[in-house]
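Subject: Structure for you to look at

Hello,

Please find the structure below. My notes on it follow, for you to read alongside.

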Amino acid sequence: MTRQIFAEDYKAQPFWWERSPRPDTAQVQLPAKADVVIIGSGYTGLHAAIQTARAGRHTVVIDAEAAGWGCSSRNGGQISTSIKPSYGALKAKFGADAAFAIRKEGLNALQWVEDFTTAEGIDCDFRRVGRFYAAHTPGNYEVLARSFDHEVKGLETGAYAVPKTEQHREIASDLYHGGVVQPLHASIDPGAYHLGLLDRAQAAGAEVVPHCRAEGIVGAPGTLTVRTSKGEIAARNVVVATSGYTGGATPWHRRRIIPIGSYMIATDRLAPDLVARLIPNDRVITDTRKLVVYYRTCPERRRILFGGRVSISETDPSAAAPDLHAEMVRRFPELSEAKVSHAWMGFVGYTFDELPHLGEREGVHYAMGYCGSGVSLASYLGMRIGQQLLGLAEGESPLADVPFETRAYYWGKPWFLAPSISYYRWRDNRAA
């Protein structure tokens, strides 16, 4: 019989919703027309809305669920330098100048989120805590440590290697073989951050209409109509800001986004001295496994929040929680008796080239595909899309020049994920 890991007050919903419940504004009416209609009320959509509404454009944001119900209030609150492909890989594909510009966008996005939250006074526990990137094999440590030895001028991150003999200053675990500290990385309360954005967007005049599912877009550039579950709305400009939740209303985008379920648990409240010993510097932590896990403390440093991809097929987060708990205990045996207070999941929007994308097609603007780095990239690129709608030169991004790829026989349902996960799990276990 499986040991009971759930706390008495366990909830199958994001831990972040305790502080920042999803707003209940279901009675908002859909207007007949607007200057800008944005599909998706997460970070991308709200940042675009803040730009256009503050510039005086009548902006309407619609969402199939409550505002911010998707990954904007479900993620782990880890903020990285964002761009996954290395400078070398990008240089081989696009050339040195484009590679530099694309990698720089990741650094720009992280800095921009800090500047924005500070300037707007959003109370969301943004902190530059740094990330510990842990190596799960000795070989991975050597590769990881060398990868930061000669950073490109202008793209420096200040990362430094921590050998296994010294890793306890970063994490009280013997599972790893050293790692790298990336000091620029940050943490945030994603739910509180989202509600701060929602407040700023509405204060600027944007109308947010939840429980209003987009069902299709028709018309020509400049005279578009969005068909929704609450009727039709005409608009000069339309923005698709749905990323991992992109559906049949926009089939071209759906073919280019791979929705990947990611699961998280939060422990019940722990003794402060235990949390301080397990993760002494309050780092956000990931590792070199292909089936990566990610974890951190909550802002009050009383809980461990632990996430990862633990299910071959999408499942109930309560069913995935025991596997996540077991992975957490592998790293921290002291948590074997810790109960789970919350379990939840969300869909990460991946792309075939592991790059985010923004642009315009047939009059419809979009930004999506953040590949697990959505806090900074969704915010930054949403802002850029808003600037593009206003005709501002600063709205340009080198990511707009990158072709948004799909694959033959892919229509939005990632049939290839299950065999890929099985293979990577085998490879990770074999290497460990």
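Valine 226 has isoleucine 233 in β12 as its bridge partner. The two strands concerned, β11 and β12 (residues 231-240), pair in the antiparallel sense over five bridges, where strands count as paired if DSSP finds at least two bridges between them. β11 and β12 form a hairpin with two residues between them. Strands here are DSSP runs of E with at least two residues, helices are runs of H or I with at least four residues, and both are numbered from the N terminus.

On its other pairing, β11 (residues 223-228) runs antiparallel to β10 (residues 214-220) over six bridges. Glycine 216 is bridged to arginine 227 in β11. The hairpin of β10 and β11 has two residues between the strands, and glycine 222 in this hairpin takes a positive phi near 90°.

Before the rest, the terms of reading: this is a predicted model, in which local features need pLDDT of at least 70 and side-chain atom pairs count only at pLDDT 80 or more, while totals for chains, interfaces and linings use all residues. Residues are numbered from 1 along each chain as its sequence is written, and side-chain values use heavy atoms, with hydrogens and water left out.

Helix α3 covers residues 96-120, which is 25 residues, and reaches 36 Å from its first C-alpha to its last. That is close to the 36 Å expected at 1.5 Å a residue, the expected span being 1.5 Å times one less than the number of residues. Its buried residues include Ala99, Ile102, Glu105, Leu110, Trp112, Val113 and Phe116. Buried means under 20% relative accessible area, exposed means over 50%, and partly exposed is in between (1.4 Å probe, protein chains only). An α-helix has 3.6 residues a turn, so residues three or four places apart point the same way. The buried residues of α3 pack against α1 (43-54), β4 (78-79), α2 (87-94), β8 (186-187), α5 (190-203) and α9 (374-389); contact is taken as heavy atoms within 4.5 Å. Just after α3, glycine 121 has a positive phi of about 65°.

Two residues other than glycine also have positive phi. For serine 82 the value is near 80°. Serine 82 sits in the loop between β4 and α2 and is buried, at a relative accessible area of 5%. For glutamate 354 phi is near 60°. Glutamate 354 is in the loop between β17 and β18 and is partly exposed, at 37% relative accessible area. Leaving out residues up to four places away in sequence, glutamate 354 touches Lys84, Pro85 and Cys371.

The structure holds 13 aromatic pairs. Rings of Phe, Tyr and Trp (its six-membered ring) pair if their centres lie within 6.5 Å; planes under 30 degrees apart count as stacked, over 60 as edge-to-face and the rest as tilted. One of the pairs is phenylalanine 352 with tyrosine 410, edge-to-face at 5.4 Å centre to centre and 85° between the planes. This pair links distant parts of the chain, 58 residues apart: phenylalanine 352 is in the loop between β17 (340-350) and β18 (357-361), and tyrosine 410 is in the loop between α9 and α10 (417-431). Tyrosine 410 is buried, at 1% relative accessibility. Trp69, Tyr245 and Phe347 form one aromatic cluster.

How many disulfides are there? The count is zero, a disulfide being a pair of cysteine sulfur atoms within 2.5 Å. For cysteine 71, the nearest cysteine sulfur is that of cysteine 371, 12 Å away. Cysteine 71 is partly exposed, with a relative accessible area of 22%. For cysteine 298, the nearest is the sulfur of cysteine 124, 15 Å away. Cysteine 298 is buried, at 1% relative accessibility.

Last, threonine 137 lies in the loop between β5 (131-134) and α4 (138-147) and is buried, at 9% relative accessibility. The side chain of threonine 137 makes a polar contact of 2.6 Å with the side chain of asparagine 140. A polar contact is a pair of N or O atoms within 3.5 Å; within protein, one must be able to donate a hydrogen and the other to accept it, and residues adjacent in sequence count only if both atoms are side-chain atoms.

Regards
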